Amino acid sequence: MAETLSGPDRSGEEQAALDSYSRTVTSVAAELTPKVAALNVAHRRAGGRFVVGTGSAVVFTDDGFLLTNAHVVGHADAGTAAFADGTTTPFHVIGADPLSDLAVVRADGPTPPPARLGEADALRVGQLVVAVGNPLGLTGSVTAGVVSALGRSLPAGTGRATRVIDDVVQTDATLHPGSSGGALATADGRVVGINTAIADVGLGLAIPVNGTSRKIIAALLATGRVRRAYLGIAGTPSPLPPPVRARTGRRTGLRIAEVVTASPAARAGLRAGDLLLTAGDAPVTSAQALQRLMLEDAIGRPLPLTALRGDALVDVVAVPAELVTDD
């Protein structure tokens, strides 16, 4: 006699929690899936050969602009966007910034209403997030998970210029190939990140939507490129000596390991071994903290710096130059 298989014995509270979780994920999926496009982009390879690459993009304005990854569009000027309802439209690239892995494209035809952008700086570890992509044009792909970590760093570069993308969001929401450029959203459907990499099995990374990335997006919309300032130092976080810690209330600074010859930092008098404490009014606790200040409005503008050299505080003024990238 065949035994009857019974379902798992769940309490009413457990079932209610699962139902609430499901309603949240399905609600976010219903809102964002129509607004995430599959991008097909032709990349030129050596010898003039073209290879079609794929990725995702999120509609973020009501006049057809989409946000994606710079590595998705590469050096291409145009491509085709396909939406979940089956419509397709050509697009052209407005601008790409490899040093943040963000790019803006504009559809040449109609697009769905835009997604709502949120604020990644308000995320908390353990918070529910939903990843929505459109890999290979498979009418959308939705996975859910939690924020695993915040403040991660992701190396990025173009030519000889390198940078670390700071405050990257780490999540355990599975990212499929082709999901790069898709949306990472909170339970209310607001996009707080642009999925950028599958770092490992069960590990995904997303570029945060925050004040820094909004400046980058605005620059891409206005001029198609992002200008950055450059000081010419490399360093690592280092603890402050107890007397300085007591005086400043800070625990770490940036120990300068290298000063580039003839750079703005060298002209200002900074030296390898100095412990950089502040830049302007902002504390410098890491290379990322300094990078946040190195956007267009810092170019050519005097920047007061305070460093610890031995037992003495040294005040200098540097004038950041424009970072020249080799694309």
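Analyst: Contact here means heavy atoms within 4.5 Å. This is a predicted model, where local features need pLDDT of at least 70 and side-chain atom pairs count only at pLDDT 80 or more, while totals for chains, interfaces and linings use all residues. Residues are numbered from 1 along each chain as its sequence is written, and side-chain values use heavy atoms, with hydrogens and water left out.

Let's go with Val58. Skipping residues up to four places away in sequence, Val58 touches Lys35, Val36, Phe65, Leu66, Leu67, Ala115, Gly181, Gly182, Ala183, Val191 and Ile194. Val58 also belongs to the largest nonpolar core, which has 27 residues. Such a core is a set of buried Ala, Val, Leu, Ile, Met, Phe, Trp, Tyr and Cys residues joined through side-chain atoms within 4.5 Å; buried means under 20% relative accessible area, exposed over 50% and partly exposed in between, with a 1.4 Å probe and protein chains only. Inside this core, the residues with the most contacts are Leu32, Val58, Val104 and Val191. Helix 3 (residues 211-223) gives the most to it, with 4 residues. Apart from that core lies another, of 20 residues, including Ile233, Ile256, Leu276 and Leu303.

Now for the whole chain. There are 6 helices and 20 strands, taken as DSSP runs numbered from the N terminus (helices H or I, at least four residues; strands E, at least two). Of the 327 residues, 45% count as buried. Among contacts between residues at least 6 apart in sequence, 59% join residues at least 24 apart.
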